[in-house]
Amino acid sequence: MSKSKMCLNSVMRRIAKKKLEANIISESQYCRTISIIKKIEKNKFALRDVKNIKIDEIQNYLNSLINYSDSEIKKIYEQFNQSYKYLSDNELITKNVMLQIYKPKSTKNPKEVRALTLEEEKLLIKNLLTNENKIYSLIYLIQLFTGMRIGEVLALKISDIDFKNNEINVNKTLTRDVHYKVIIKESTKTRTGERVIPLPRMLRKMLKERVTSVINNNQAVLFLTKNGNYIDSRDANKFLKNQLNEFMDSTDVSSHNLRHTYITRCAESGINPSVLKRLVGHKDIETTLGIYTTVYDNFTKSEMNKIQSYYKRNKLQIGEVSRFKSDNWLKNTKIKEMKNKVRIFIFQIKKSFKYLISDK
């Protein structure tokens with residue numbers, strides 16, 4: 001790249017391509033990066049020579065993103081940051097202006113992926129089992145009972161289902177190539193994603209039926225469209241939302257919530273975090289432990305209810321709850337004192353009566 005003219009967007013695209021060629025990012029990650037760059041290119045200054053772009057232009061643009069999520073702001077900021085670092089490291093510019101740029105903070109609250117409640121999960125399972133679309137229903141039942149990612153489920157082949165040993169081999173995923181075409185990638189999202197997991201008993205019969213129905217499929221893929229194409233995860237998510245809309249607000253729900261639901265149920269049942277990390281293919285144990293923290297927070301509330309009940313049973317109450325009992329206690333105490341005074345009075349009378357008789 002020469003010093004003559006270096007348009008900012010061209011630098012961004014060049015870096016993304018070099019990362020793809022070096023296998024630092026996957027084809028699907030490259031596609032997502034290009035989408036971010038296209039968003040930046042809507043601003044005219046991104047099409048100018050970097051030497052003619054002012055610091056205030058970059059800062060003002062980034063500041064205009066505060067209504068985006070922190071995640072999206074970070075991705076856009078990173079494109080600027082790595083571009084100017086690349087130019088500075090290669091001495092194509094004299095000064096890295098990004099050292100003077102602040103990354104803005106989003107005004108949005110962080111979006112949390114929540115697990116379905118037990119009641120919601122029961123309703124969803126009921127809907128899936130009675131739905132006419134058996135393909136989509138099985139896809140989401142697999143997610144609910146194995147915690148597999150949607151791309152991993154959609155990439156399953158007959159050879160991945162081991163009925164003899166009751167296991168599922170997770171070793172590939174559905175993704176997109178540089179032309180945005182849906183393809184099967186012969187590896188999972190991360191290296192730790194490649195794993196062998198138990199085949200749940202409740203899915204065994206349905207999976208056998210599915211394997212039998214696609215036995216003559218040339219690709220031996222379990223889930224395809226009627227036209228024989230791979231199922232787009234976005235279409236699958238639309239189906240899921242329609243199912244959930246019958247009993248809850250599914251605005252922020254996707255297939256990832258089902259994976260999260262499985263992990264939550266495992267945490268609630270007491271499965272060791274290290275074992276669960278292997279089961280769901282998490283790269284870092286911190287991701288797994290983060291879900292455990294949420295579960296334990298909920299458990300803490302229920303456990304506190306137990307101790308409150310214990311206090312109540314053992315009359316360890318104060319304030320509003322115990323005031324009536326305290327008043328009764330005080331009342332009973334006064335009655336006891338009165339009875340004692342009466343006993344003493346009677347005793348004194350008897351004693352005086354005896355004295356008078358003996359004196360006669």
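## Buried face of helix 8

In this predicted model, helix 8 spans residues 201-213, and its residues Leu-203, Leu-207, Arg-210 and Val-211 are buried (under 20% relative accessible area, with exposed over 50% and partly exposed in between; 1.4 Å probe, protein chains only). Helices (H or I, at least four residues) are DSSP runs, numbered from the N terminus. An α-helix has 3.6 residues a turn, so residues three or four places apart point the same way. The buried residues of helix 8 pack against helix 6 (134-146).

Residues are numbered from 1 along each chain as its sequence is written. Because the model is predicted, local features need pLDDT of at least 70 and side-chain atom pairs count only at pLDDT 80 or more, while totals for chains, interfaces and linings use all residues; side-chain values use heavy atoms, leaving out hydrogens and water.

## Helix packing

Helix 1 (residues 8-21) and helix 2 (residues 27-40) have axes that come within 10 Å and cross at roughly 175°, which makes helix 1 roughly antiparallel to helix 2. Axes are lines fitted to C-alpha atoms, for helices over the stretch in contact, and angles run from 0 to 180 degrees between N-to-C directions. Angles under 35 degrees count as roughly parallel, over 145 as roughly antiparallel, 65 to 115 as roughly perpendicular and the rest as oblique. Among the residues of helix 1 in this contact (heavy atoms within 4.5 Å) are Met-12, Ala-16 and Leu-20, and those of helix 2 include Tyr-30, Ile-34 and Ile-37.

Helix 5 (residues 118-130) packs on helix 9 (residues 233-244) at an angle of about 115°, with the axes 10 Å apart; helix 5 is therefore roughly perpendicular to helix 9. On the helix 5 side, Leu-124, Asn-127 and Leu-128 meet Phe-239, Leu-240, Gln-243 and Leu-244 of helix 9.

## Aromatic pairs

The whole structure holds five aromatic pairs (ring centres of Phe, Tyr and Trp, the last by its six-membered ring, within 6.5 Å; planes under 30 degrees apart are stacked, over 60 edge-to-face and the rest tilted). Tyr-61 and Phe-80 have ring centres 5.9 Å apart and planes at 50°, so this pair is tilted. Because Tyr-61 lies in helix 3 (residues 55-63) and Phe-80 in helix 4 (residues 70-89), the pair ties together parts 19 residues apart in sequence.

Note on methods: Helices (H or I, at least four residues) and strands (E, at least two) are DSSP runs, numbered from the N terminus.
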